[in-house]
Each structure stands twice: as structure tokens, then as C-alpha cells.
Amino acid sequence: MRTEISNVTIVNEGKKAIGSVVINGTKIVEICIDGKKPCRKSDEVIDGSGMYLLPGVIDDHVHFREPGLTHKANILSETRAAAAGGVTSFMEMPNTRPATTTISALHDKYHRAAKESRINYSFYFGATNNNSHLFEKLNPHRVCGIKLFMGSSTGNMLVDDTEGLNLVFSRANMPIAVHCEDTDIINANIQKYKEKYGENIDVKYHPLIRSEEACYKSLQKAVALAEKHNKQLHILHISTARELELLSDKPLSEKKITAEVTPAHLIFCDKDYEKKGAHIKCNPAIKTQADRDALREALRNGKIDLIGTDHAPHLPEEKTGGALKATSGMPSMQFTLPAMLRMVDEGIFTIEQIVEKMCHAPADYFKIDKRGYIRKNYYADLVLVAPDKEWTVEKKDILSICGWSPFEGETFKWKVCRTWVNGECVYNNGKIDDNVHGKALKFQR
């Protein structure tokens, strides 16, 4: 089927232009701007007047909870939510049950995604203190990266001894995506605040327990290891201004050490704990307004390379209990694109910058085959968004199993109207087409 999206503002590769994009099968076959018309008629013509066409969002950092934690989320539910938010590809983390630290567990996730995922997919392999010998069995054209926890984490996935860390870095044959927080510093802070406030510590102390020092010390170690072994290091959910000292503002193509920031760390700061409470509790913690502002500037100047959501659903009852007992993490990917486009309206970013950091940069960094751009012969992963469509997030809008969002009650002026995955319209103005299935991402390494 041939589909034309006409009279639309195309945002791509740092430019905006009014024109048409034509889809045939799974690919983009024509891009017409400067008054040019498609070479022939299409079976379907969608009038995009007044709307914007963006490449589909590529989210390099999600937790979909399958297998083992499907009371919170699963691949089907979260990819439906993703499609409604303009996300067309995801890379999922290994801290499920069982953890994705064996080849069989990794294969199981790909099998599940092939049946259930409404968008494109890849999965990280989780490093442990004793499984780095398995890295040589990973297919670098299929697996997005190796996930390394250098801080408190799930199960046996904390890699904290010198020998284990050196083996992970020396044997890695693909990007190492790292969570950096120093466990000893965190544990010392927990003891300090328990002595002062008892077991029920207010969530506002969470960023002081999982402190700037804990992040910086761990990241210093990760950077030193990456430089020692000359490996690609991808720093996940950077949260402090001080950590930016360890980053370069060189072009992405010239970097060995790169950084991701989440929308939560760009939007919220410690003042928001009073209103949002544990709904914005995550690891690493959301910190000060000065940290938030420094992260925004670093995204603009190129020290931070891309945006990933760290989408991490928990049930509402698990988000109670303050700094120690409430679980860390929040569902966010369904509403991330409207939230980031609101920051465009506020003059914090341009729409071209949002497309660069949410679409182009993930594709470039991970070397994803024919995705992340609006280009002829690329896969037709696209999202059509409308400005000036004011709406407020209500509970009924939330597609994640957990049924809540930190953005509930927030008003946006941008709305996702349609999402295409491999040329098929998976989301159309509130309706999901469950006949659409994503494809496994391929990496040109």
C-alpha cells in the first residue's frame, strides 16, 4: 500500500520544510519539498497541514518487566503505550526475573518480542561478576549493548570487584551502558539519615542519600576503565552538573564516552518532591534545580548526546514509603515526546534539537540500520504530531499496566496523532492496531 503524508512540516537533520513523505511497504520511497510533487498517486493521502512529521523516537533505555514482573508491565502493554507516545524502537534492560545474564534468557526475550512487540526492539545483555566469558557469543549486529550496574541493583547484577570490572571492559565487543552510583557511599548515607530520622525517611532526602558524590565517584571509575581498555562507554541517566566535568563536547562521531539524560532529570528538580512525592523517585535521584539547568545546557551544547526515558513501571502501592521503602522508577515513555515538545514551547530547546537527541543520535550511536531519520529507502518509522491541541493527561489515557504516570494532570499543547512502524500505522488518534508487529533492530557494526 502506498501512503502519502502531504502538506506537513518535516523536521529532519536540523531543518524544517513543508512537503510530502510517501511510504510504500516498509520503507520511505519519496520525500518531496520545495513545491515538488510525488511521482504518482497514492492509495491513501493524509493531509498533514499544520502538523509536524518527525522520525520515530528511539528509546535506548526501558524496563518492560517481562519475564517475571508482569504484574507491573509486559512487552505488549508497554509497546502499545510507546506507540501512543511516538516511540517506534526500544532497547530493554536486563533486570527482569530471570535476569538477562545468560544466552538462553536473551533468546527468550527476542522470542517474546517477536510475538508481542508493537514496535521495533533490541535487548541489552546484563554483565555480572562472572559472565563476561559469554560476551563473545553475543551477536553485535543484533544485541544493542552490555548493561553494567556499578551501583545497587537487582539480583546478582552488581559488578563491584576490580577483577570483574576489568574483565567486563576488556571483553566487551559492543557499547557498555553503565549505571553509575557508588554503593558504599549510598549505604553510609542511609545509615546517617536513619540515625537522624529513623526508618521512615521523607522522600525529599532521596537525592541526598543517592548523592552527587555517589554518582561522581562511580562515574570516575567507569571513565578510567573505559579509557584504560579503549572501549565505548555509554553513561545512562546522568543526573548532576559535576559529572559533566568528565564529558567532552566533541561531535558524537568522535566520542568513545557518551551520555544519556532522561526527561525526568530535565523536567523535574528536588523542589518537585513536595508535589509529586515518590512518583518521581528514581535512581539516580532527581537532584537540584542547578543540576537540572546544567543538564539542559549540556544537552544543548553536546556534552550530553541523547535522551532515553528509563521507563520503569511499578504498581501504585509500590510507590509508597518514602526514601527507603518506595520503589525507584516511573513509567514515562507514553508522554515523553509531548513533555519534551512542551519544553520547545518554553524556549528551552528547539524542535530540531529534540529530534536530534531522541531520533538521530540513538540511531547514530548504536549504528542502527536505516532508522532514526526521514530518508529515502529508510524504514518508515514516523510520528505525526499536532501543535496547539491542548489536552490534559488523565488516568484513562494511560496504557501502561501500572495505571499511573508522573505526568498525570499535566497539560500539553502537542499531541501524537499517528505513529508508523515499518510503514504500518500502529497508532491512529487514540486507537492501537494490534495487527502491527515490530522488527528486531539491526546494528551496522
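Trainee: Hi! Which cysteine sulfur is closest to the sulfur of Cys425, and how far away is it?
Mentor: Hello! The closest one belongs to Cys417, and the two sulfurs are 10 Å apart, too far for a bond. Keep in mind that this is a predicted model.

Trainee: Okay, and how many disulfides are there?
Mentor: The count comes to zero. Cys269 is in no disulfide either, and its nearest cysteine sulfur, in Cys282, is 13 Å away.

Trainee: Is Cys269 buried or exposed?
Mentor: Cys269 is buried, with a relative accessible area of 3%. Cys425 is partly exposed, at 22%.

Trainee: Switching to charges: how many salt bridges does a search of the whole structure find?
Mentor: It finds 23 salt bridges. One of them pairs Asp305 with Lys255, where the closest N and O atoms are 2.8 Å apart.

Trainee: Where do those two sit in the chain?
Mentor: They link distant parts, 50 residues apart. Asp305 is in the loop between α9 (289-301) and β14 (306-307), and Lys255 is in the loop between β12 (233-235) and β13 (257-261). Both Asp305 and Lys255 are buried.

Trainee: What about Lys194, what does it pair with?
Mentor: Lys194 forms a salt bridge with Glu199, and their closest N and O atoms are 3.7 Å apart. Lys194 is partly exposed at 28% relative accessible area, and Glu199 is partly exposed too, at 46%.

Trainee: And Asp397, which residue is its partner?
Mentor: That's Lys396, with the closest N and O atoms 3.4 Å apart. Lys396 is exposed, at 65% relative accessible area, while Asp397 is partly exposed, at 21%. Elsewhere, salt bridges with shared partners join Glu66, Asp108 and Arg112 into one network.

Trainee: Which residues form the negative surface patch?
Mentor: Asp160, Asp161, Glu163 and Asp184 form it. Asp161 lies in the loop between β10 (146-150) and α3 (162-171), and its relative accessible area of 31% makes it partly exposed.

Trainee: Last topic: what kind of peptide bond joins Glu66 and Pro67?
Mentor: A cis one, with omega about 5 degrees. Pro67 is in the loop between β6 (57-62) and α1 (75-84), and Arg65 is found in the loop between β6 and α1 too. Glu66 also belongs to the salt-bridge network with Asp108 and Arg112.

Trainee: And what is omega for the cis bond between Asn283 and Pro284?
Mentor: There omega is about -5 degrees. You'll find Pro284 in the loop between α8 (273-276) and α9.

Key. Residues are numbered from 1 along each chain as its sequence is written. This is a predicted model: local features need pLDDT of at least 70, side-chain atom pairs count only at pLDDT 80 or more; totals for chains, interfaces and linings use all residues. Side-chain values use heavy atoms; hydrogens and water are left out. A salt bridge is a side-chain nitrogen of Lys or Arg within 4 Å of a carboxyl oxygen of Asp or Glu. Buried means under 20% relative accessible area, exposed over 50%, partly exposed in between (1.4 Å probe, protein chains only). Helices (H or I, at least four residues) and strands (E, at least two) are DSSP runs, numbered from the N terminus. A disulfide is a pair of cysteine sulfur atoms within 2.5 Å. Patches are made of residues with over 30% relative accessible area and no salt bridge: like charges are joined within 9 Å, nonpolar side chains (Val, Leu, Ile, Met, Phe, Trp, Tyr) within 5 Å. Accessible areas come from the Shrake-Rupley method with a 1.4 Å probe; for residues, only the protein chains shown count as cover. Lys and Arg count as positive and Asp and Glu as negative; His and the chain ends are not counted. The place of a charge is taken as NZ of Lys, CZ of Arg, CG of Asp or CD of Glu.
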